[in-house]
Amino acid sequence: MSLPPGFLDQLRDRLSLGQVVGRKVMWDNRKSNPGKGDLWAPCPFHQEKTASFHVDDRKGFYYCFGCHAKGDAISFVRETENVDFMEAIQILAGEAGLPMPERDPQAQQKADERTQLITVMEQAVQHFRLNLQTAAAGEARDYLLRRGLDAEAQARWNIGFAPSNGGALASLTGKGVAQKQVMDAGLAAESDRGGSPYDRFRGRIMFPIFDARGRPIAFGGRAMDPNHPAKYYNSPETALFDKSRTLYNVQKAREAAGKGQPLVVAEGYMDVIALSEAGFEATVAPLGTAVTEHHLRMLWRIAPEPIIALDGDTAGLRAAMRTIDIALPLLEAGQSLRFALMPDGMDPDDVLKSKGKAAMQKLLDAAIPMVELLWRRETDGKTFDSPERKAALDKALREKIKLIADPSIRSHYGQAIKDMRWALFNPRKGGGATAKRAQWAKGQNAWERDLSPTATSKSSALGTGVAAEDDMRISVILATLLATPAALPTFEGELERLDTANPDHTALRDALLRHAEAADVVQAMRADIGDGPLDALLGQKHLSVIPSIRKAGDLELATMCLTEEFRKLAARRGHPAEIREGEEEITGETDENLTWRLRRAAQAVDSTIKPESKSDDGDFEVADNGAKLSKDDRAHRDAIWANIKIEKSK
């Protein structure tokens, strides 16, 4: 309906935002100044201990400096009560004592019908609760007691019973409720054979479903017959009930989450009740459907990082995977999911009964982030023993990460996947991907120390210029990627494997990998690691003459340059590794394998720097690829051939 001009202003004038918000928060008296309308409290929209939620009572606006929620009284009621705009207006008008304007006849009729249906549902709740106390419900009461629900717990959850012959339709119509209203509420249905309407719920334990305002809108029934094909049966969708937008126990869970409890998403009624009775009161469940986009938005309005606690079976894992696909496009900073996986074959209720509350708390505390479950889905039970399989894994993960709309989150997901990929394909001792990468880098650097001119007679006399020249090549690589970020996807694998001894180079390499998909890579890197490493790199004078850096944005030129630089680095770093392996064998008997190993190392150098001619000044030679061969290069080559001659003479 449309509101008359000035109605909202009149409503705001009659209300104090401080009073509206004060129903949901505890003001921080040390920080607040009520006389000036300056009020502070812990934010009701996210979990925190400090008072970062500010209300300007004079202007009628609120703002949270933690989660950045903001708005006025209407938006506050909408978010905290999970209602639409007109329902929020009705709530506030009732508090302000302001009559609602007349609606158009059609809208008024629809609102009246909803109100009448809620009244019907309230009567149905009482009817089923009374049935649970009858002799016919003895088996149902015994079942609930075996599940740990005594009479007090049954009353707290308004649990009822529908006998095998039904009775709700007759009872309600006998109290003056129209038969059509009973059917519109989803409690009865027309017979397919054209007979009289019949009760939908028969021979079932009845669980009322309430909306976010605590009003009954539907029922869930658990069959007493263990052989019944539908173990659980929910109300059909009605004017009150939309299962894709409803969560079981949402009202109580929101209150508990507002007091700091973690929000848990279970799979069914009994899991929610068992967890809540055990002290995990901020627990909800979807109703006869998988988690939907609407469910996720509801959950995030309650808590920024709900924990999905699913059964430890194949169906539970499939549900978790479906939830990931729905959640990825919706992720925002500080808004995600975690997953607590129950032991195989157990649900949360089983864990509580067999292992106790402490075991459940441990599972919730160990809930894994969504990116880790995404990785498990693509890797568990699979073998990646070929380049094709590895490439297929990369493609599958890239496709999933592309679903994330937020560029910052997408970048961090990419980095997390790279770290896990590194740990999978480069197993080393030590903890975490970072430790593994550091250990690998340490091993790569070792040959430079071992093969220095001060090494023992068992070491090759490689020149001191190796590290310096490699350092310059790495500078060219990093600066080229900064000048033309479009080349990053092509050389991502080489960059990931790039060993960097210089701390600034290490920081730049990691930042490039983290922000490869950022709209402005350089700006994102500066925000991440600061100006120091970037300025130090770009301030190197020799880079100003490199064509791929001078012509920033030229993808073809950058690709040619990077291909050459990575190839030369690979050649330089390949042959010392071969030499070191060969030197480890020198202590034993000399054999053809050792000679072959050293010869292969020399050939690796020759493939890129084999001399063909000497320049006039004698300072360098020219390699077959046109590159200049420095004195250090010649020293490296000569040292390798010298080792080969020594071994042959033994």
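Tutor: The largest nonpolar core has 59 residues, and I159, L187, F219 and Y248 have the most contacts inside it. A nonpolar core is here a set of buried Ala, Val, Leu, Ile, Met, Phe, Trp, Tyr and Cys residues joined through side-chain atoms within 4.5 Å; buried means under 20% relative accessible area, exposed over 50%, and partly exposed in between, with a 1.4 Å probe and protein chains only. Helix α5 (residues 105-131) contributes the largest share of this core, seven residues. Helices (H or I, at least four residues) and strands (E, at least two) are DSSP runs, numbered from the N terminus. Apart from this core lies another one, of 45 residues, with M298, L299, L337 and L374 among them. In general, nonpolar side chains tend to be buried together in soluble globular proteins.

The model is a predicted one, in which local features need pLDDT of at least 70 and side-chain atom pairs count only at pLDDT 80 or more, while totals for chains, interfaces and linings use all residues. Residues are numbered from 1 along each chain as its sequence is written, and side-chain values use heavy atoms, with hydrogens and water left out.

Leaving aside residues up to four places away in sequence, I159 touches R129, L132, L144, L149, Q154, I205, M206, F207, P208 and I273, where contact means heavy atoms within 4.5 Å. One of these partners, L144, belongs to helix α6 (residues 138-146), in which G138, A140, Y143 and L144 are buried. The buried residues of α6 pack against α7 (151-156), β5 (160-162), β8 (204-210) and β9 (216-223). Just after α6, G148 takes a positive phi of about 90 degrees.

Two residues other than glycine also have a backbone angle of interest. Most residues other than glycine have a negative phi. H68, in the loop between β3 (61-64) and β4 (70-71), has a positive phi near 70 degrees. N249, in the loop between β10 (232-234) and α10 (250-258), has a positive phi of about 75 degrees although it is not a glycine. N249 is buried, with a relative accessible area of 9%.

On a 1 Å grid over the protein atoms alone, a cavity is a set of points where a 1.4 Å probe fits but cannot get out, and its lining residues have an atom within 4 Å of a point. Grid points are joined across faces, edges and corners, and a volume is the space filled by probe spheres set on the points. The largest cavity has a volume of about 50 Å³, and its lining consists of E79, N82, V250, R254, M298, R301 and I302. α10 and α12 (293-302) each supply at least two residues of this lining, and α12 gives the most, with three residues.

R410 is in helix α18 (residues 407-425) and is buried, with a relative accessible area of 16%. Not counting residues up to four places away in sequence, R410 touches I401, K402, I404, A405 and E517. S475, in helix α20 (residues 465-483), counts as buried because its relative accessibility is 0%. Beyond residues up to four places away in sequence, S475 touches H505, L537, Q540, H542 and L543. R567, in helix α26 (residues 555-584), is partly exposed, with a relative accessible area of 35%. R567 and E494 are 73 residues apart in sequence and 10.0 Å apart in space, C-alpha to C-alpha.

As for the whole protein, its secondary structure comes to 28 helices and 18 strands, and buried residues make up 47% of the 650 residues. Among contacts between residues at least 6 apart in sequence, 61% join residues at least 24 apart. The accessible surface, from the Shrake-Rupley method with a 1.4 Å probe and, for residues, only the protein chains shown as cover, comes to about 32,200 Å², of which 51% belongs to carbon and sulfur atoms.

Finally, the mean pLDDT (the predictor's confidence in each residue, from 0 to 100) is 80, and 79% of the residues reach 70 or more. Over residues 581-591 the pLDDT is below 50, and this stretch has 19 contacts in the model beyond near neighbours in sequence.

Key. On a 1 Å grid over the protein atoms alone, a cavity is a set of points where a 1.4 Å probe fits but cannot get out, and a pocket is an open set with protein on both sides within 12 Å along at least five of seven lines; lining residues have an atom within 4 Å of a point.
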